[in-house]
Amino acid sequence: MFVQQWPEGFCEYQVIVGGKRKCKSRPHKFTIHGLWPQSNGQSISGCNVTSDLTEHVSIFQFVMVRMSLFYML
């Protein structure tokens, strides 16, 4: 599951003015809230939870560059 955060629904920086909270900084792009595998009620096969993921660094770097074009990271 890929979950995004709508920019208007998130405040990066708040201040208190006149006893009320006011948002001083909102993102201008959608942000990533989370990325979770879905099992559809079954166990996830081939999921190695002990992997340190170093073998996948180049893939992550490629994905991060592409995602930075569209999302605040």
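How many residues of the lining of the largest pocket are nonpolar, how many are polar and how many are charged? The close-up views below, taken from a predicted model, take up this question and then turn to the helix that contributes to the lining.

**View 1. The largest pocket and its lining.** The largest pocket has a volume of about 280 Å³, and the residues of its lining divide into 9 nonpolar, no polar and no charged. The residues that line this pocket are Phe2, Leu35, Trp36, Pro37, Leu53, Phe60, Val63, Met64 and Met67. Helix H1 provides the largest share of the lining, namely 4 residues.

**View 2. Val63, a residue of the pocket lining and of a surface patch.** Val63 belongs to helix H1, which covers residues 57–68, and Val63 is also one of the residues that line the largest pocket. Together with Ile59 and Phe62, Val63 makes a nonpolar surface patch of about 290 Å². Val63 counts as partly exposed because its relative accessibility is 34%, a value that lies between the limits of 20% for buried and 50% for exposed.

View 3. Ser68 is found in helix H1, whose residues are 57–68. With a relative accessible area of 36%, Ser68 is partly exposed. Although Ser68 and Thr31 are 37 residues apart along the chain, their C-alpha atoms are separated by 9.9 Å.

Technical notes: Residues numbered from 1 in each chain as written. Predicted model: local features only at pLDDT ≥ 70, side-chain atom pairs only at ≥ 80, totals over all residues. Heavy atoms only, no water. Patch = residues over 30% accessible without salt bridge, like charges linked within 9 Å, V, L, I, M, F, W, Y side chains within 5 Å. Areas by Shrake-Rupley, 256 points an atom, 1.4 Å probe, with all protein chains shown as cover. Salt bridge = Lys/Arg side-chain N within 4 Å of Asp/Glu carboxyl O. Helix = DSSP H or I, 4+ residues; strand = E, 2+ residues; numbered from the N terminus. Buried < 20%, exposed > 50% of the residue type's maximum accessible area, 1.4 Å probe, protein only. 1 Å grid on protein atoms, 1.4 Å probe; cavity = no way out; pocket = protein on both sides within 12 Å on 5 of 7 lines; lining within 4 Å. Points joined across faces, edges and corners; volume = space filled by probe spheres on them. Nonpolar A, V, L, I, M, F, W, Y, C, P; charged D, E, K, R; others polar.
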